[in-house]
Amino acid sequence: MADELPGSVLFACSYNAVRSIMAATLMRHFYGTRIYVECCGVRAGDVDGFAVEVMNEIGLDISSYHSKTFDQLEDGFFDLIITMSPEAQHRAVEMTRTMACDVEFWNTFDATIVEGSRETRLEAYRQVRDQIKKRILDRFPMGPAPTV
């Protein structure tokens with residue numbers, strides 16, 4: 001089953017402040033070093049405090065992450081790019097015109113647009129986190145742990 005996993009995955013969204021960071025962190029949590037995982041945005045933004053909080057709720061710390069853009073990536077080649085916003089999808093398609101790389105669009109809700117109480121906003125971020133987690137586990141087979 002492990003051979004069904006891509007060697008490298010890039011998660012991309014608009015600001016690299018919520019969705020792509022959550023996705024990359026969850027992917028690393030579930031697959032460790034079996035898959036090289038990176039994330040970026042069309043533009044760089046500060047890591048969102050609500051995203052930090054809902055990831056902390058499940059024991060994952062993203063507070064020290066520094067967002068980056070497509071242009072700041074150290075490695076420009078990935079087996080799979082998963083985009084989480086229409087803007088990132090457009091940028092990824094442009095980037096991969098001349099390379100053999102699959103691009104998947106995971107239309108993912110932007111929790112930053114939710115207004116209301118702190119709890120209402122946190123609930124929106126939790127829903128995004130849980131949707132991304134489910135999508136990752138559905139898309140990538142866990143398989144047996146690697147043997148040493």
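Which residues in helix 1 meet which residues in helix 4? Arg19, Met22, Ala23, Leu26, Met27, Phe30 and Tyr31 in helix 1 meet Tyr125, Val128, Arg129, Ile132, Lys133, Ile136 and Leu137 in helix 4, where contact means heavy atoms within 4.5 Å. This is a predicted model, in which local features need pLDDT of at least 70 and side-chain atom pairs count only at pLDDT 80 or more, while totals for chains, interfaces and linings use all residues. Residues are numbered from 1 along each chain as its sequence is written, and side-chain values use heavy atoms, with hydrogens and water left out. Helices (H or I, at least four residues) and strands (E, at least two) are DSSP runs, numbered from the N terminus.

**Helix 1 with helix 4**

- Two packed helices are described by the angle between their axes and the distance between the axes.
- The axes of helix 1 (residues 19-31) and helix 4 (residues 118-139) cross at roughly 45 degrees and come within 10 Å; axes are lines fitted to C-alpha atoms, for helices over the stretch in contact, and angles run from 0 to 180 degrees between N-to-C directions.
- That makes helix 1 oblique to helix 4; angles under 35 degrees count as roughly parallel, over 145 as roughly antiparallel, 65 to 115 as roughly perpendicular and the rest as oblique.
- Helix 1 passes helix 4 in a right-handed crossing (a crossing is left-handed if the near helix is turned anticlockwise from the far one by less than a right angle, and right-handed if clockwise).
- The residues of the contact of helix 1 with helix 4 comprise 11 nonpolar, no polar and three charged; here Ala, Val, Leu, Ile, Met, Phe, Trp, Tyr, Cys and Pro count as nonpolar, Asp, Glu, Lys and Arg as charged, and the others, Gly among them, as polar.

**Helix 2 and its two partners**

- Helix 1 and helix 2 have axes that come within 10 Å and cross at roughly 25 degrees.
- The two helices, helix 1 and helix 2, are therefore roughly parallel to each other, and their crossing is right-handed.
- Met22, Thr25 and Leu26 of helix 1 make this contact with Ala51, Val54 and Met55 of helix 2.
- In the contact of helix 1 with helix 2, five residues are nonpolar, one is polar and none is charged.
- With helix 4, the axis of helix 2 comes within 9 Å and crosses at roughly 65 degrees.
- Helix 2 and helix 4 are therefore roughly perpendicular to each other, and helix 2 passes helix 4 in a right-handed crossing.
- On the helix 2 side, Phe50, Ala51, Glu53, Val54 and Met55 meet Arg118, Arg121, Leu122, Tyr125, Arg126 and Arg129 in helix 4.
- The contact of helix 2 with helix 4 divides into six nonpolar, no polar and five charged residues.

**Nonpolar cores**

- The largest nonpolar core has 38 residues, of which Phe11, Met22, Met27, Ile136 and Phe140 touch the most other members; a nonpolar core is a set of buried Ala, Val, Leu, Ile, Met, Phe, Trp, Tyr and Cys residues joined through side-chain atoms within 4.5 Å.
- Two or more residues of this core come from each of strand 1 (8-13), helix 1, strand 2 (36-41), helix 2 (49-56), strand 3 (80-83) and helix 4.
- Helix 1 gives the largest share of this core, seven residues.
- Apart from this core lies another, of 11 residues, among them Phe70, Leu73, Ala88 and Ala92.
- Leaving aside neighbours within four places in sequence, Ile136 is in contact with Phe11, Ala23, Leu26, Met27, Phe30, Tyr31 and Trp106.

**Single residues worth a look**

- Ser85, in the loop between strand 3 and helix 3 (86-95), counts as buried at 2% relative accessibility; buried means under 20% relative accessible area, exposed over 50%, partly exposed in between (1.4 Å probe, protein chains only).
- Beyond its neighbours within four places in sequence, Ser85 is in contact with Ala12, Cys13, Ser14, Arg19 and Phe105.
- Thr108 is found in the loop between strand 4 (102-105) and helix 4, and counts as buried at 6% relative accessibility.
- Setting aside neighbours within four places in sequence, Thr108 is in contact with Arg19, Met84, Val128, Gln131 and Ile132.
- Asn16 lies in the loop between strand 1 and helix 1 and is buried, with a relative accessible area of 0%.
- Phi of Asn16 is near 55 degrees, a positive value in a residue other than glycine.
- Asp130, in helix 4, is partly exposed, with a relative accessible area of 38%.
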